[in-house]
Amino acid sequence: PVEAMAIAVDPRDPKHVVFSRVASPDPTDVGPGLLESFDGGESWREANDDLPVRNLTALLFGREGTLFAGTRCAGIWHRH
């Protein structure tokens with residue numbers, strides 16, 4: 001099972017969803033990171049490009065679609 005730390009739904013498109021994955025003790029776990037869906041969760045893709053760290057503790061979409069992510073040690077990251 002995949003554990004989520006944070007989740008956000010794009011207010012402009014409710015089928016656009018992101019969530020931050022956390023690492024687990026399972027040896028097959030791929031580790032922390034950001035996953036993104038454009039079809040309401042039917043399929044997911046990794047969205048870790050340009051992330052300073054992958055331990056994301058908070059996610060928020062701005063009104064114009066900017067995604068903000070709070071990290072444990074690297075401050076706030078954003079993607080337009």
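How many aromatic pairs does the count come to? In this predicted model, the count comes to one aromatic pair. The two rings belong to F19 and W44, whose centres are 5.0 Å apart and whose planes make an angle of 85 degrees. Since planes over 60 degrees apart count as edge-to-face, the pair of F19 and W44 is edge-to-face.

The location of the two residues gives the pair its place in the chain. F19 is part of strand β2, residues 17–21, while W44 sits in the loop between β3 (33–37) and β4 (45–46). The pair therefore ties together parts that are 25 residues apart in sequence. The two partners can also be described by their accessibility. F19 has a relative accessibility of 10% and counts as buried, because the cut-off for buried is under 20%. W44, with a relative accessible area of 36%, is partly exposed.

Three strands form an open sheet in the order β5-β6-β7, and their pairing is antiparallel. The edges are taken by β5 (56–61) and β7 (76–79). Each of these edge strands has a single partner strand, so one side of each is left without a neighbour in the sheet. On average, neighbouring strands of this sheet are turned by 20 degrees against each other, with direction ignored.

The contact between β6 and β7 can be taken down to residues. Strand β6 covers residues 67–71 and runs antiparallel to β7, to which four bridges join it. One of the residues in a bridge is L67, whose bridge partner in β7 is R79.

Key. Residues numbered from 1 in each chain as written. Predicted model: local features only at pLDDT ≥ 70, side-chain atom pairs only at ≥ 80, totals over all residues. Heavy atoms only, no water. Pairing = 2+ DSSP bridges. Helix = DSSP H or I, 4+ residues; strand = E, 2+ residues; numbered from the N terminus. Axes fitted to C-alpha atoms, helices over the stretch in contact; angles between N-to-C directions. Phe/Tyr/Trp six-rings, centres within 6.5 Å; stacked < 30°, edge-to-face > 60°. Buried < 20%, exposed > 50% of the residue type's maximum accessible area, 1.4 Å probe, protein only.
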